[in-house]
Amino acid sequence: MSLAPDPTLTIFEAGSPGRRAFVAPGTGVDHVDGLLPERFRRAQGPRLPEVSEPELVRHYVRLSKRNFDLDSGFYPLGSCTMKHNPRLHERVAALPGHAKLHPLQNPARAQGALELMWNLERALGEVAGLPHVSLQPSAGSHGELAGVLLTKAYHADRGESHRTKVLTPDTAHGTNPATVTMAGMEVVKVATNADGGVDLDDLRAKAGDDTACLMLTNPNTLGIFDTNIEEIAAIVHRAGATLYYDGANLNAVMGESRPGDMGFDIVHFNLHKSFTQPHGGGGPGSGPIAVSDRIEPYLMHPRIVRRDGDGDAPARFELLDETNNGHSKSIGRLRGFHGNYGCFVRAYAYICSLGAEGLRDASEVAVLNANYLLARLRKLGVLEQMPLAFGDLCMHEFVLSGAPMKRDLQIKTLDLAKRLLDHGYHPPTVYFPLLVDEALLVEPTETETKETLDGFADAIAEILAEAADDPTIAQNAPYTTPVRRLDEAGAAKRPVIRQPL
Amino acid sequence: MSTYTSVTDQDLRAMLETIGVSSVQELFDRQIPASVRLGRPLELPAGMAEQDVYTHLRELAARNVSAEDEISFLGAGMYDHYVPAVIDMLMERSEFLTPYTPYQPEVSQGNLQVMFEYQTAISELTALPVSNASVYEGPSALASAGYLARLANGRPRFVASAGLHPHALETLRTYAAGFGAEVVEVPLRDGVTDPDAWAAAMSDDVGAIFLQQPNVLGAVEDVAALTAVKPEGSVAIAAYDPIPLGILVPPGECGVDVCVGEGQTLGNRLDFGGPSFGFFAATEEHLRRMPGRIAGETVDTDGRRGFVLTLQTREQHIRREKATSNICTAQALNALAGVVYLSWLGRQGIVELGELLLQRTHYARETLGAIDGVEPLHAQPVVREFALRLELGEHGTVEGVVDRCVAAGVNPGLPLERLGIDEPGLLVAITERRSRADIDRLAAVLADAVAAESSAGAAREVVGA
């Protein structure tokens with residue numbers, strides 16, 4: 001790993017009193033005293049940094065060199081879909097007509113933006129197989145909150161507010177149960193069967209008059225496509241509940257299979273995963289949702305409406321919200337304005353670049369790459385120490401269990417992950433999903449070459465061989481990173497979360 | 001069609017042989033039942049080459065009127081502040097743009113330290129001891145603070161000032177409908193939260209109070225007086241515009257328990273409303289109920305200083321249904337822009353910028369308020385934005401005035417009705433990018449527009465009759 005090892009002061013420790021980068025323009029108006037009553041005036045200004053522009057630039061450039069990033073190396077973080085981020089997207093998102101457009105500009109003077117959003121809604125709806133889309137949610141978890149609140153509104157409108165239970169499999173992302181609680185509903189866990197799918201008997205036993213919804217990821221977090229999906233949908237719908245699709249794993253099935261055709265009522269997309277918004281070190285994201293006809297009346301404000309022009313006149317796009325006859329059954333808003341438009345521009349550029357064929361190709365290669373990497377690991381004998389948790393093939397990601405490795409070689413999945421850092425790789429997701437002991441969740445994505453996958457498989461095999469000789473090497477890894485293992489327990493016990501000044 | 005994959009025919013043969021299948025389709029056929037396979041191409045346009053996509057996106061951009069294309073006085077939650085060039089450069093760096101959440105701290109020290117610095121800057125700005133690493137944006141930050149209050153005391157009623165941005169109020173209502181709290185709205189009087197109605201709305205079952213500084217009409221609220229009457233055990237939550245905090249008494253000195261706000265003004269582009277970030281700061285008491293990521297300082301096994309994500313037992317990936325929030329996305333890249341902006345502005349700069357806006361805003365309100373048919377909607381102190389009432393006769397409309405101004409190259413601000421406020425008027429925002437000459441230009445254009453609209457509105461009516 002070749003990251004900058006030098007320790008860095010914080011920006012608050014850099015600089016010197018009196019230094020500055022900003023120079024205020026003159027006010028141009030006659031100064032008036034007493035505009036702000038003394039009781040509203042701040043006595044001592046915030047103690048912000050005092051640095052020159054060159055210091056500022058050097059500080060943050062040096063900090064950046066202490067990060068590993070996708071442009072520098074392989075990042076097979078399961079469930080996160082770390083695919084290549086085309087730079088074209090940054091260029092088009094930065095065009096002033098997009099980047100400097102005020103969200104409250106009169107819609108008549110923002111027609112390009114509204115058309116882009118309308119086109120993106122249609123494209124996402126087609127990928128999901130559901131007709132109505134709201135782009136508003138800010139992230140996958142925000143889309144989930146939208147979905148559960150929509151479900152709640154749907155049941156309430158039908159006089160079925162007693163439906164308060166939301167079923168989630170034990171393989172679900174942690175956001176699913178957390179969302180359910182935030183929406184004032186109750187989580188009921190559903191077991192996983194021997195094939196890694198939903199346990200149908202358990203589902204039948206738990207789906208009933210009080211069930212509001214089943215939240216499902218398919219393929220799930222084990223990388224397994226649940227072949228019983230139609231039966232699952234039938235059970236849930238017979239019980240009168242809705243079926244929610246967590247779109248975190250949509251990258252496996254674009255153009256191959258659609259959640260709407262599987263029977264789902266509500267789908268969220270992670271534009272930062274399947275549609276390659278850069279992850280930005282943990283945000284921004286974007287989590288649009290698509291819904292069926294029966295859920296549509298409750299969708300969030302604002303909605304985009306397309307009006308055909310008379311004769312040869314071009315179509316016009318309008319925004320309907322709470323101030324101009326937005327839908328009376330709408331659950332309202334989940335945030336300000338229209339959503340993360342900058343993310344929409346990038347996702348739309350991606351869809352325009354790939355088209356129908358390219359999206360399907362992306363999913364096909366994602367599945368091909370994951371299966372190839374799995375097969376390489378099998379050939380190298382890695383699976384003897386780290387067996388595949390379920391099945392023999394996988395979709396776009398797979399889960400290995402490091403339990404035998406821990407028992408036989410005395411290294412944990414965490415040790416393997418830390419040792420991978422020394423080999424120049426970002427480790428896969430570790431210790432998730434929770435039901436697999438010592439889990440390692442690997443998602444290579446479609447944009448990696450065969451050579452990269454070969455190199456990564458070899459590195460894992462090498463680490464296991466090394467551990468057979470001397471497990472302490474992995475146990476104490478990493479060695480080549482800017483810092484070594486950090487005291488996380490101490491950080492949580494005595495939190496220092498801001499600089500004392 | 002563009003492609004970002006790299007499998008050659010030779011690669012494909014080798015990969016399929018290693019897997020032991022005859023085709024890629026076999027991987028799907030063996031795993032997905034035929035009955036739920038799409039079996040046809042998606043109905044989407046064919047893919048395009050990079051240069052053609054660029055042209056298409058440029059054409060769409062050209063059909064928007066941006067803040068670069070007109071002299072714009074639009075605000076109401078997002079503002080056309082200058083974004084320094086260093087921010088563009090830093091945000092484009094691969095090392096900040098393309099990593100994910102810092103799950104592996106040994107190779108994410110840059111990101112984690114940025115979070116720590118950001119938290120420090122927000123804590124200083126708000127004079128509150130703890131800040132998280134950012135949340136989605138402003139209005140949902142306010143609603144998330146409502147959920148924090150719910151966790152803190154479980155009481156069923158919220159009292160909210162009508163001075164909140166309507167998007168924030170509606171977001172709060174949407175969230176509260178989920179976790180089960182009733183939102184009672186207290187009206188404004190003379191441009192600020194009516195102190196009598198506010199005090200009368202308080203009772204022991206109130207879990208949180210919500211206000212905004214400055215409020216949606218640009219007026220400076222007496223936050224200390226409003227929080228002083230909150231019921232014992234309730235949580236005082238305020239949405240602040242961060243820009244005037246160089247000159248306005250900070251929330252931490254006004255009895256605010258949780259301060260949230262829209263971070264766009266701190267070094268982020270308008271982007272038609274996002275992405276930006278929401279900030280979220282609180283008193284020590286609420287640290288373990290905070291949503292979102294928090295970075296903390298620690299040491300490594302060799303005793304070197306380092307940073308990690310901390311207090312994760314609050315979070316959904318550990319606590320699942322018992323988590324304090326479902327949020328797992330900070331707005332790391334946007335918050336980076338925020339802390340770089342605050343460092344660029346610096347200790348003196350933030351005071352100077354606040355003073356500049358105070359002076360120009362006063363000048364603008366005086367100048368525009370002197371126009372025939374235009375008067376300030378209220379006389380409260382304003383620091384960056386203010387509301388005007390327009391007298392347009394029986395038939396003139398505010399939209400008509402806006403259209404006339406826009407035709408002259410000036411966007412005069414937001415019609416109040418678009419904020420759901422039932423007054424014929426405009427909300428006018430000032431940034432350091434709007435010079436005195438711009439304000440004088442607005443005054444000239446607005447005077448003509450109001451005069452023309454008052455008479456033309458009547459004339460239109462006659463013609464229509």
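**Close-ups of a predicted two-chain model**

**View 1. Helices lying across the chain A sheet.** Helix 4 (residues 111–128) of chain A lies across strand 1, strand 6 (266–268) and strand 7 (289–291) of chain A, and runs at about 120° to strand 1 of chain A. Helix 5 (residues 140–157) of chain A lies across strand 2 (165–169), strand 4, strand 5, strand 6 and strand 7 of chain A, at about 165° to strand 6 of chain A. Axes here are lines fitted to C-alpha atoms, for helices over the stretch in contact, with angles from 0 to 180 degrees between N-to-C directions. Helices (H or I, at least four residues) and strands (E, at least two) are DSSP runs, numbered from the N terminus. This is a predicted model, where local features need pLDDT of at least 70, side-chain atom pairs count only at pLDDT 80 or more, and totals for chains, interfaces and linings use all residues. Residues are numbered from 1 along each chain as its sequence is written, while chains are lettered from A and ligands numbered from 1 in the order in which they are written.

**View 2. The open sheet of chain A.** Its 7 strands come in the order 1-7-6-5-4-2-3, with mixed pairing (two strands pair if DSSP finds at least two bridges between them). At the edges sit strand 1 (132–134) and strand 3 (186–190) of chain A, each pairing on one side only. From one strand to the next, the twist averages 25°. Zooming in, strand 4 (residues 211–216) and strand 5 (residues 242–246) of chain A run parallel, joined by 4 bridges. A:Leu214 has A:Leu243 in strand 5 of chain A as its bridge partner.

**View 3. Strand 7 of chain B and its neighbours.** Strand 7 (residues 206–213) of chain B is mostly covered, with 8 of its 8 residues buried (20 or more other C-beta atoms within 10 Å of a residue's own, C-beta atoms being placed from the backbone). Strand 3 (residues 157–161) of chain B runs parallel to strand 7 of chain B, with 4 bridges joining them; B:Arg157 is partnered by B:Val206. Strand 8 (residues 235–240) of chain B also pairs with strand 7 of chain B in the parallel sense, over 6 bridges.

**View 4. Where chain A meets chain B.** The contact takes 176 residues from chain A and 173 residues from chain B (C-beta atoms, placed from the backbone, within 7 Å). Helix 10 (residues 341–379) of chain A gives the most to chain A's side, with 26 residues. The predictor gives the complex an ipTM of 0.97 and a pTM of 0.97.

Conventions. Contact = placed C-beta atoms within 7 Å. Buried ≥ 20, exposed ≤ 12 C-beta atoms within 10 Å, placed from the backbone.
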